[in-house]
Amino acid sequence: MARDLTLGTVQAAYRAGELTPTALIDALLDAADQRGHDPAWITRLTRGQLQGYLDRLEGESPDTLPLFGIPFAIKDNIDLAGIPTTAGCPAFAYVPDESAFVVQRLIEAGAIPLGKTNLDQFATGLVGERALEAYGVPGNAFDAERVPGGSSSGSAVATAAGQVSFALGTDTAGSGRVPACFHNLFGVKPSLGLLSSQGLVPACATLDTISLFALTADDAATLLQTLAIPDSRCRWSRSHDFALHGQRYGEPPARFRFGVPQEARWQTNADYTVAMHEAITLLESLGGERVEIDASPLLAAARLLYEGPWVAERYHAIRELMEKNPEAVHPVTRAITAGGATPLAVDAFDARYQLAEYKRQADALLAGVDLMLTPTTVAHPTKAEVAADPIGVNARLGIWTNFMNLLDYSALAVPVGFTTSGLPVGVTLFGRCFDDLKLLSLARALEATLSLPLGATGIARPGAGRMPPACDGYLDVVVCGAHLEGLPLNHQLVHRGGRQIERTTTAQRYRLYALAGAPPARPAMVRDDAHGMEIEVEVWRLPQQWVGSFLSGISSPLGLGQIELASGEWKVGFICAAGALHQHGPATDISHYGGWRGWLNHSAATSTACA
């Protein structure tokens, strides 16, 4: 019988003495024995092989190890010390002496690897049907006649079926998101380099990332932050400390803007079109403002992945096998990969130039929103449909996934419901590089509104408590004078990537003064609880990395402090230093004009009348 294997539930049972890691592992092994041959797995560890992982937990607890006793699975193109890595090909198999960096991190945090899961051979495919007969092809956990999704098929099936708490996959072109969508799971495609790829058999080394399959957003966030550690041995590793960049997982902001491609470009079937509309409605109910965008550069970049020279990277990864023993490669995988032997170097440069232009255009689109919403995929095909058209169906599944790593974006597949036939459907949230926690924070809010079961187990999702507000690496700055849109100092915000998000007023507790001194003319806002008024202001969102240089350009007597808005929110904004209002000469009270623009308009009208 399936049980709730979410991290919090398992750890609560450990703390209460209701469960031990040994008892949990024994129960999972007994269940596996009862299932018999399971094509979701290539290698399952025996009780003897697991004993060493259990022994190292002696004297530890969930209070000392964040993943104490948590069972997980590993896609079989990621190394686990002493266990064969096959990448879905017996002729390629080898036994590594050490575990992949991320696997070792999980083990050190207390997690227990149960084995290696099946995949589309060499991580080439989004259908989950490109496994050799020697291993078998996994069935979808909801409907055995439907594809499981690939290439991380086994990892998704094992997690959704309640066989593990989470699983590692990989994601080059969508292999961590499409299977998640087909299994009611959260599929984390981290920003490139955030997770080390040391110990990963490459598909396209410059575009690969290890991905995460999790039952809840909270689990996904815990895992991501455990694994997001720079690795000096990995050439692709990129250091990013979320805390130092002002980023934190938590309650999403009350207001945000999300981009959505024009519906005519979705290419989704009826079920996935409904899922998109439901997701849009949910995001709007959470305070989101929908912004329609032209997805042309995204879709053009997606086509480059297989129509351009990047397929040569796939050939490079298995070149020796393709040349010496091509029959060992799955026929469809072989047909795709063989094309990588022919592109010229000039083709690679042509494609890089094209990609740079698409990246420029796509980044401009994202600059106007906080995140993007797209379909994860367009339909959920049957196994028979894939057998009839293995390459064509696979290509359609990647329409909304193939561009993410090419454009260096973070992405998250999020479950949003079920079709009338009981199949899961989902969408994708994506954003700029290292927006990972922002996406997870919003996904957590979506999760709370939906109350979907866990994976394919039918088990009710545990409730999630309140969290501190999320931080996304941006600071909202309230401006009231020369930094307003179109005024002389607004460029100081715009040139630092600032974006206006709101025009509003302060609480009715402020006075506004025109300061004496040389141009540009500047106001000073002073809190006055007894005689204050509402003052018109703008809220600009500024990347935190530029706050220091912005602050250094603010001259006395002004500075940044806390301002209360009419909504009751407190935000950072321009205030006047105590007792310094008249330090450069008499300041003029202009509060009755309602704001700086009102006073400027009055001054301009007066000057015109005098002339």
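Trainee: Where is Q121 found?

Mentor: Q121 sits in the loop between β3 (112–117) and α5 (153–160). Helices (H or I, at least four residues) and strands (E, at least two) are DSSP runs, numbered from the N terminus. The model is predicted: local features need pLDDT of at least 70, side-chain atom pairs count only at pLDDT 80 or more, and totals for chains, interfaces and linings use all residues. Residues are numbered from 1 along each chain as its sequence is written, and side-chain values use heavy atoms, with hydrogens and water left out.

Trainee: Why is Q121 called buried?

Mentor: Buried means under 20% relative accessible area, exposed over 50%, partly exposed in between (1.4 Å probe, protein chains only). Q121 has a relative accessible area of 0%, so Q121 is buried.

Trainee: Which residues does Q121 touch?

Mentor: Contact means heavy atoms within 4.5 Å. Not counting residues up to four places away in sequence, Q121 touches A87, G88, C89, R130, L132, A328, V329, H330 and T333. A polar atom of the Q121 side chain lies 2.6 Å from the backbone nitrogen of H330.

Trainee: What makes I83 count as buried?

Mentor: I83 has 7% relative accessibility and therefore counts as buried. I83 lies in the loop between β2 and α4 (101–108). Leaving aside neighbours within four places in sequence, I83 is in contact with T43, L45, Q49, Y94, V95, P96 and K116.

Trainee: Which element has the lowest mean pLDDT?

Mentor: pLDDT is the predictor's confidence in each residue, from 0 to 100. Among the elements of the protein, helix α10 (residues 311–317) has the lowest mean, 81.

Definitions and conventions. A polar contact is a pair of N or O atoms within 3.5 Å; within protein, one must be able to donate a hydrogen and the other to accept it, and residues adjacent in sequence count only if both atoms are side-chain atoms.
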